[in-house]
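This report goes through selected features of the model displayed below.

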Amino acid sequence: MTSTPLNRTGISLFNLPYLVQNEIYANWDLMEIFHFSTLSKRTKSISKSIRKEPFLMHLSPFFKKYQIELCTGRKDENEKERIWRLHFVPFTGCERLYKGNFYYPVFLKNSCENFVFLVEHLKDVFEVKFGTLELCIGVEIDDVKMKPYVEWMNDFNWESGKVPALSVIARDEPSLKFLLKNLKRDVDQMKIDTYIRKENPASKSGGNPKCSTPVNFKVDVLTGNGEEWWATETMKSMDAIRMDFYQSDLSNLDMNQFLRSWKEGASNERLKEIKLPLRERVKWRTMLEGLDADLRDFRTARKIFRFAKDNQLYQLHGGFDITRADGRIATIGHELYNLIFENQPMEQYKIEECTRISRVWNLEQGDEEEEIEDVIVLEEADGHVADWRKYQRKQGRRHIFMIVW
Amino acid sequence: MSSTEQGTSSAAPAEPTTAPESAAAPEVPESFYYVHGKDKVVHKVSAGALQHSALIHGMISNLGYTEEQAKANPFPFENIDGDILQMVVDWCNQHKGKPTPPEDTNLPKQKEKLFDLVLAVNYLEIKELLTYCCKQVAMMVKGKSPEEIREIWMIPTDAEDEAAEKEAKKRAGKEAAGETAAAAGDAK
């Protein structure tokens, strides 16, 4: 039996037998282990040996409510996932609000240094996998504030060698530009959403909002809103395997420039899929000029395939084939008009649009791709449905897909 | 089911004063054993209650004491404070032959007492009680800041750990030198 110290004024944990200590540690939750691990080298070493469940760690250094989220992926008896949200104290002034079952204070000043310490420490002590790194960047996150975090992202020893998932929510152009310009680490999945107000003085002074210079990192999967920041050079330099945007500011000429580069094998060799809307209606003759594109007959379903991100099987009707210098073929077309769910018939309006595309493409003089008015003939007299369909078809003429086979 | 009386380990303990547990109890009389702690106060405990302690249970099985022998030779636990042993005996009696509940709220709240209880229970190998105690000890730091945990558990800082290590090395070195000198003296 371990002897009790005579002049003891408190309980010394390390005076307890080893097995008893282990039994005590086994009762601890993540936060107790975490706090304990920060006390000394010895406690850190002990903490590492305590059996713990693995966590998925999401990082959001600029978020006010919490900066690190640890999820077990396991649900409790109420079907709720156990989550720990760590927030620096003192920091937000919202400590009272974010106290309780899911929010846990970390008694450190909120700084990049402490954030990095925390990430490294958690990675060291717990079995963690990195989830999403979310950067909410607004005017308050200027270059000076952002710089150390970007440097950390560049230098950090990411498990796969690249940032696994980076989600950027940008409310300010200069901050986004700074990030794009200075990030040097490749990203597996990158999502950029922009909510930039045009009346923002910073935006006005920023001039061209787009990042027209190449970036220094590659992205495997790029999604989000490309309207405010994306240009052909960015598109080329990011060298994404898959691009899926719900908004972009690209024109037919921009796409032509991009496709020429792809065709020549000068960029985007890894490309497999693109889905995006142009800022204008697609003019195939403009977009495909000089590419020796081959328009396929839409009346025969040429291929059954699926996009990487969903399990839906599609039939491909028509579309233009472009052949790269190395012989690789890509098909480009309208998502709305050239693609049909598997085992479904091609609707009349799709046939009409494909016929029109074919007619315009085969004209001697090729600039008749003016806007056309859809005549929606519907049994029902519901004007809203007709308006919606008109809108949908009009938008469909902006949206394109590209598949590299 | 226990009785306690003041005395030394050699003193004969008093007869049990309490009635049998239930009317439907088997005819075979229950055997009793005697334990005492640092304060020499002898506690009479039934064999059933002592089954919680793997240590005492093992001792009983190995020694094969008759009741008379047991009375004359109480098990001495000189390293356990009397009041702590009393707590242990009470717990064993309360949970004699019963399934142990998932939680025990009757454990001492005072840090030092709990600490001594943990050590005693660990020594006596009372698994269920040790589980409760460890849980209670673990919960003492629930919701506490690192510095509060350091204070509660008296966790040394890195500097203190290093100083202690240096001190231990120094002491070990001195002891080794002393042993060498003694050996040399013996050889002469």
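This is a predicted model: local features need pLDDT of at least 70, side-chain atom pairs count only at pLDDT 80 or more; totals for chains, interfaces and linings use all residues.

A:Arg296 is in the loop between strand 11 and strand 12 (301–305) of chain A, whereas A:Asp321 belongs to strand 14 (residues 320–323), so the pair ties together parts that are 25 residues apart in sequence.

The two partners fall into separate accessibility classes. A:Arg296 is partly exposed because its relative accessibility is 34%. A:Asp321, at 7% relative accessibility, is under the 20% cut-off and therefore counts as buried.

## Other salt bridges in chain A

Over all chains, a search of the whole structure gives 26 salt bridges. One of them links A:Asp239 to A:Lys218, where the closest N and O atoms are 3.6 Å apart. A:Asp239 sits in the loop between helix 8 (232–238) and strand 9 (242–247) of chain A, and A:Lys218 in the loop between helix 7 (201–205) and strand 8 (219–225), so this pair connects parts that are 21 residues apart in sequence. A:Asp239 is buried, with a relative accessibility of 9%; A:Lys218 is partly exposed, with 37%.

A further salt bridge pairs the side chains of A:Arg299 and A:Asp297 at 3.1 Å, N to O. Here A:Arg299 is exposed, at a relative accessible area of 65%, and A:Asp297 is partly exposed, at 35%. Elsewhere, shared partners connect salt bridges into one network made up of A:Lys162, A:Lys218, A:Asp220, A:Asp239 and A:Arg270.

Most residues other than glycine have a negative phi. A:Asp292 is not a glycine, yet its phi is positive, at about 50°. A:Asp292 is located in the loop between helix 10 (284–287) and strand 11 (294–295) of chain A. With 65% relative accessibility, A:Asp292 is over the 50% cut-off and so counts as exposed.

B:Lys40 also has a positive phi, near 65°. The residue lies in the loop between strand 2 (32–36) and strand 3 (42–46) of chain B. Its relative accessible area is 31%, which makes B:Lys40 partly exposed.

## Chain A as a whole

Chain A has 13 helices and 17 strands. Of its 405 residues, 51% are buried. The chain exposes about 20100 Å², of which carbon and sulfur atoms supply 48%.

Contacts in chain A between residues at least 6 apart in sequence were also sorted by separation: 62% of them join residues at least 24 apart.

## Confidence

The model has an ipTM of 0.75 and a pTM of 0.76. For chain B the mean pLDDT is 77, with 80% of residues at 70 or more.

Within chain B, helix 6 (residues 127–139) has the highest confidence, at 89, and strand 1 (residues 2–5) the lowest, at a mean of 44.

Note on methods: Residues are numbered from 1 along each chain as its sequence is written. Chains are lettered from A and ligands numbered from 1 in the order in which they are written. Side-chain values use heavy atoms; hydrogens and water are left out. Helices (H or I, at least four residues) and strands (E, at least two) are DSSP runs, numbered from the N terminus. Buried means under 20% relative accessible area, exposed over 50%, partly exposed in between (1.4 Å probe, protein chains only). A salt bridge is a side-chain nitrogen of Lys or Arg within 4 Å of a carboxyl oxygen of Asp or Glu. pLDDT is the predictor's confidence in each residue, from 0 to 100. Contact means heavy atoms within 4.5 Å. Accessible areas come from the Shrake-Rupley method with a 1.4 Å probe; for residues, only the protein chains shown count as cover.
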